[in-house]
Amino acid sequence: MINNERGWTLGLGAGVLLVGALALGPVLLPRPQVPTVTRITLPAPGVPALPNASAEPPTFPTTASIAPLISGRVNLNTASQEQLEALPKVGPSMALKIIAARPIRSQADLDAIKGVGEATLKLLSPLVSY
């Protein structure tokens, strides 16, 4: 009976040491994880993000760890639902309406989609291609 209790005590002690080593491992031997930072210039406060309709939308670089959802103009005929939802004033239902209306060949086709009003059309025009 004494040997059995000693075995359990040694097993319990070994388990506690193992759990302690596994818990403290990352603290004692950390692996540095350096994030990738993309720097872009932001507009001054009070200045609209897109000052005129002829300005091209920003193009973001793709890195090994980051792929932007949208970069540059979004082609309405080939964009996925997630890419369409990343556009301003386009939610899940509007994205599905755009997908259902394909092929979209002009701004008039985009305007014909129910729910795309004048304000949405003005906002989307510089950000999309057909």
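Predicted model: local features only at pLDDT ≥ 70, side-chain atom pairs only at ≥ 80, totals over all residues.
**Whole chain**

Show the chain as a cartoon. Its secondary structure comes to five helices and two strands, and from the N terminus on the elements run α-β-α-α-α-α-β. The radius of gyration is 28 Å, well over the 14 Å that the globule rule gives for 130 residues, so the chain is more spread out than a compact globule. Along the principal axes, the C-alpha atoms fill a box of roughly 90 × 35 × 25 Å.

Of the 130 residues, 16% count as buried.

**Stop 1: the end of H1**

Select residues 2-28, which make up helix H1 and include Leu28. Is Leu28 buried or exposed? Leu28 has a relative accessible area of 64%, which is over the 50% cut-off, so it counts as exposed. In soluble globular proteins, by contrast, nonpolar side chains tend to be buried together.

**Stop 2: the nonpolar core**

Next, select Leu76, Leu84, Leu87, Val90, Ile98, Leu110 and Ile113. These are the residues with the most contacts inside the largest nonpolar core, which has 17 residues. Helix H3 (92-100) and helix H5 (118-124) each supply at least two residues of this core. The largest share, three residues, comes from H3.

Centre the view on Ile98. Which residues does Ile98 contact, leaving aside its neighbours within four places in sequence? They are Leu76, Leu84, Val90, Ile104 and Ile113.

**Stop 3**

Select Lys89, in the loop between helix H2 (81-85) and H3. Look at the backbone here: Lys89 has a positive phi of about 65° although it is not a glycine. Lys89 is also exposed, with a relative accessible area of 55%.

**Stop 4**

Finish on the loop between H3 and helix H4 (107-111), where Pro103 is found. Show the backbone atoms of Arg102 and Pro103. The peptide bond from Arg102 to Pro103 is cis, with omega near 0°.

Definitions and conventions: Residues numbered from 1 in each chain as written. Heavy atoms only, no water. Helix = DSSP H or I, 4+ residues; strand = E, 2+ residues; numbered from the N terminus. Buried < 20%, exposed > 50% of the residue type's maximum accessible area, 1.4 Å probe, protein only. Core = buried A, V, L, I, M, F, W, Y, C linked by side-chain atoms within 4.5 Å. Contact = heavy atoms within 4.5 Å. Rg over C-alpha atoms; globule rule 2.2 N^0.38 Å.
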